[in-house]
Amino acid sequence: MQRPTKQQIRELPLYLGLDLVNIMLVENERDAAQVLKELSSESCLGFDTESKPIFSKGETSPGPTLIQLATKTKAYLFPMRFVAAVASARAILSNPNIKKVGFGISGDKKELRNKLNIDIENTEDLAVKLKKLIGDKDPLGARAAVALMLKLRLGKGAQKSNWGAYPLKKHQIQYAANDAHCAMCVEISLMLLSDENSP
């Protein structure tokens with residue numbers, strides 16, 4: 001296996017990910033209770049965050065405005081403007097029994113700790129895992145990883161949109177959900193690959 005080129009990625013079919021019906025926004029106590037019930041028994045979750053973009057030189061990031069977690073079939077978005085969302089995200093992220101997988105996690109960990117006082121436990125950075133697997137000198141981002149492991153092209157349309165505004169638009173909700181969902185799908189494909197290669 002080797003890192004796909006930009007041209008190879010462009011030629012792949014689009015990664016469609018989850019429909020809006022399978023994406024839950026956590027905005028209040030009732031949502032928070034439901035998400036804790038649904039996710040507390042999971043062994044692994046896809047993970048990502050979105051932050052309000054910085055346009056001015058010298059401006060510092062306010063930290064994540066959205067935290068995303070995903071199972072194989074559903075994604076959960078936690079807008080940091082809601083106290084209940086922060087509390088439920090903290091409970092899941094700090095649970096050492098649930099592995100959180102994503103891309104470039106070290107930056108997220110630092111921001112979560114410094115800005116939201118959330119210590120995320122039991123993480124695995126898929127960018128580093130894939131780098132070692134294919135013997136590349138650089139970590140693989142989500143787009144390259146999805147192309148390599150799933151043979152699909154991850155869209156990046158909403159990446160630079162305003163994550164500080166609320167309510168989120170439909171394309172932002174799907175984009176954010178798919179960032180966490182694709183990490184989960186890549187992890188599953190890596191687990192299958194490891195099963196195939198084990199004696």
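Predicted model: local features only at pLDDT ≥ 70, side-chain atom pairs only at ≥ 80, totals over all residues.
A residue counts as buried under 20% relative accessible area, as exposed over 50%, and as partly exposed in between. Asp 138, at 36% relative accessibility, is therefore partly exposed.

**Pockets**

- The largest pocket has a volume of about 520 Å³, and it is lined by 24 residues, of which Ala 142, Lys 156, Gln 159, Tyr 175 and Asp 179 lie nearest its centre.
- Helix H1 (6-10), strand E2 (44-51), helix H6 (142-150) and helix H7 (170-197) each contribute at least two residues to the lining of the largest pocket, and the most comes from E2, with five residues.
- Sorted by class, the lining of the largest pocket consists of nine nonpolar, six polar and nine charged residues.
- The second largest pocket has a volume of about 190 Å³, and its lining includes Leu 14, Tyr 15 and Leu 16 as well as Lys 156, Gly 157, Ala 158 and Tyr 175.
- In the lining of the second largest pocket, six residues are nonpolar, five are polar and one is charged.

**Gln 172 and its surroundings**

- Gln 172 is found in helix H7, and it counts as buried because its relative accessible area is 4%.
- Although Gln 172 and Ala 158 are 14 residues apart in sequence, their C-alpha atoms are 5.8 Å apart in space.
- When residues up to four places away in sequence are not counted, Gln 172 touches Ala 158, Ser 161, Asn 162 and Trp 163.

**Backbone features**

- Most residues other than glycine have a negative phi, and most peptide bonds are trans.
- The peptide bond from Tyr 166 to Pro 167 is cis, with omega near 5°, and Pro 167 has its place in the loop between H6 and H7.
- Lys 151 also belongs to the loop between H6 and H7; its phi is near 60°, a positive value in a residue other than glycine, and the residue is exposed, with a relative accessible area of 51%.
- Asn 117 lies in the loop between helix H4 (105-116) and strand E6 (123-125), where its phi is near 55°, again a positive value in a residue other than glycine, and it is exposed because its relative accessible area is 57%.

**Salt bridges**

- Side chains of opposite charge can pair when their charged atoms come close.
- A search of the whole structure finds eight salt bridges.
- Arg 3 forms a salt bridge with Asp 136, the closest N and O atoms being 3.1 Å apart. This pair links distant parts of the chain, 133 residues apart, with Arg 3 in the segment before H1 and Asp 136 in the loop between helix H5 (126-134) and H6.
- Both partners in that pair are partly exposed, Arg 3 with a relative accessible area of 28% and Asp 136 at 22% relative accessibility.
- Glu 187 forms a salt bridge with Lys 99, with the closest N and O atoms 2.9 Å apart. This pair too links distant parts of the chain, 88 residues apart, as Glu 187 is in helix H7 and Lys 99 is in strand E5 (residues 99-102).
- Glu 187 is buried, with a relative accessible area of 1%, whereas Lys 99 is partly exposed at 22% relative accessibility.
- Lys 99 and Glu 187 also belong to a network of salt bridges that links them with Glu 124 and Lys 129.
- Asp 138 meets the side chain of Lys 137 in a salt bridge (3.5 Å, N to O), and Lys 137 is exposed, at 68% relative accessibility.

Methods:
Residues numbered from 1 in each chain as written. Heavy atoms only, no water. 1 Å grid on protein atoms, 1.4 Å probe; cavity = no way out; pocket = protein on both sides within 12 Å on 5 of 7 lines; lining within 4 Å. Points joined across faces, edges and corners; volume = space filled by probe spheres on them. Helix = DSSP H or I, 4+ residues; strand = E, 2+ residues; numbered from the N terminus. Nonpolar A, V, L, I, M, F, W, Y, C, P; charged D, E, K, R; others polar. Buried < 20%, exposed > 50% of the residue type's maximum accessible area, 1.4 Å probe, protein only. Contact = heavy atoms within 4.5 Å. Salt bridge = Lys/Arg side-chain N within 4 Å of Asp/Glu carboxyl O.
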